[in-house]
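Take a moment to look over the chain before reading on. We will start with the whole and then walk through some of its parts.

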Amino acid sequence: MQTLLDANREFSDEWLDAHPEAPDEQDPFYIDLDDEVIELVEDAPEHSPVTLELGEAISALWKDEGVQATFDERANFQLMDTCAYYFDNIDRIAAQGFQPTRDDVYRCRVRTTGIVETTFELEGNGFKMFDVGGQRNERKKWIHCFEGVTVVLFIAAISEYDQVLWEDEAINRMKEALELFEDTINSTWFRDTGFILFLNKKDLFEEKIKKTPLSVCDEFHGFPGPDGDYDAAVSYIREVFNSRNRTGNE
């Protein structure tokens with residue numbers, strides 16, 4: 001919520017600068033709540049427990065039209081994908097005796113840094129999995145995992161077609177994913193390695209595609225439509241990824 005409030009202030013200032021004669025109430029980003037509510041959230045220490053009082057403040061802000069207008073502009077600033085889920089459930093989360101559900105845990109995001117190695121057994125077969133961070137500053141560490149790889153699982157968040165990188169806000173996330181996919185699948189390191197493309201975050205994509213056309217991403221300007229059609233959009237994205245595969249292998 002603190003990220004939303006920071007973005008809200010920036011958007012509101014820009015709107016008011018462009019409309020100097022307009023009263024504050026006409027500002028689409030105007031928050032119609034007492035300053036005490038806003039300050040309670042802004043002043044909350046990072047990782048502080050969500051008390052009942054803090055939960056009520058977050059809930060009030062999340063229902064405010066100015067905050068919702070800011071949320072609608074989330075492609076223009078960095079915001080966690082799953083925050084809407086937690087804000088929708090903030091009353092339950094802030095309640096005394098709260099116990100997280102499976103969905104609560106599933107929707108948590110922890111950024112992968114370094115290389116995380118996991119060993120497990122399935123149907124009598126031993127597996128060793130390496131999870132590597134996808135951010136640019138993490139990729140130089142990948143070389144230590146390349147030798148002896150049986151399968152590469154490349155995960156791409158299709159819901160991020162209208163978003164920019166955390167580390168470079170001039171670069172579209174899907175463009176970066178496509179270029180990274182192309183470099184990886186065609187690398188000599190993986191000439192004899194199985195490759196699996198996993199298109200992730202389809203639930204977020206299904207909601208977003210109804211409002212934001214796929215063509216906002218330069219890589220998808222050729223999308224024939226129809227706009228808002230989930231199946232057609234997913235099929236096209238898959239085709240674009242497959243077009244980057246020059247190995248001759250399906």
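Begin with the contacts. Count those in the chain with a separation of 6 or more: residues 24 or more positions apart account for 62% of them. Keep in mind that this is a predicted model.

Now the overall picture. The chain has 250 residues, and 36% of them count as buried. Its C-alpha atoms fill a box of roughly 65 × 45 × 30 Å, taken along the principal axes. The secondary structure comes to 10 helices and four strands. Read from the N terminus, the order of elements is α-α-α-α-α-α-α-β-β-β-α-β-α-α.

Go to helix H1, which covers residues 2-18. How far apart should its ends be? At 1.5 Å a residue, its 17 residues should span 24 Å. The end C-alpha atoms of H1 are 25 Å apart, which agrees.

Which residues of H1 are buried? They are Leu4, Leu5, Ala7, Asn8, Phe11, Ser12 and Trp15. Seen down the axis of H1, these buried residues fall within an arc of 160 degrees, so they line one face of the helix. An α-helix has 3.6 residues a turn, so residues three or four places apart point the same way.

What covers the buried residues of H1? The cover includes helix H2 (35-42), helix H3 (52-63), helix H4 (65-71) and helix H5 (83-88).

Take H3 next. This helix has 12 residues. From its first C-alpha to its last, H3 reaches 17 Å, close to the 16 Å expected at 1.5 Å a residue. The buried residues of H3 are Leu54, Gly55, Ala57, Ile58, Ser59, Leu61 and Trp62. They pack against H1, H2, H4, H5 and helix H6 (90-94).

Look more closely at one of these pairings. Two packed helices are described by the angle between their axes and the distance between the axes. For H2 and H3, the angle is about 115 degrees, and the axes are 9 Å apart. H2 passes H3 in a left-handed crossing. Which residues make the contact? From H2 come Val37, Ile38, Leu40 and Val41. From H3 come Glu53, Leu54, Ala57, Ile58 and Leu61.

Leu197 has 25% relative accessibility, so Leu197 counts as partly exposed. Leave out residues up to four places away in sequence, and Leu197 touches Phe154, Phe181 and Phe241. Leu197 also shows how sequence and space can part ways. Leu197 and Asn242 are 45 residues apart in sequence, but their C-alpha atoms are 9.1 Å apart in space.

Finish with Leu204, which sits in helix H9 (residues 202-208). Its relative accessible area is 27%, so Leu204 is partly exposed. Setting aside neighbours within four places in sequence, Leu204 is in contact with Asp81 and Ser159. Leu204 and Ile158 are 46 residues apart in sequence, and 8.6 Å apart in space from C-alpha to C-alpha.

Terms used: Residues numbered from 1 in each chain as written. Predicted model: local features only at pLDDT ≥ 70, side-chain atom pairs only at ≥ 80, totals over all residues. Heavy atoms only, no water. Helix = DSSP H or I, 4+ residues; strand = E, 2+ residues; numbered from the N terminus. Expected span 1.5 Å × (residues − 1). Buried < 20%, exposed > 50% of the residue type's maximum accessible area, 1.4 Å probe, protein only. Arc of directions from axis to C-beta. Contact = heavy atoms within 4.5 Å. Axes fitted to C-alpha atoms, helices over the stretch in contact; angles between N-to-C directions. Left-handed = near helix turned anticlockwise from the far one by under 90°.
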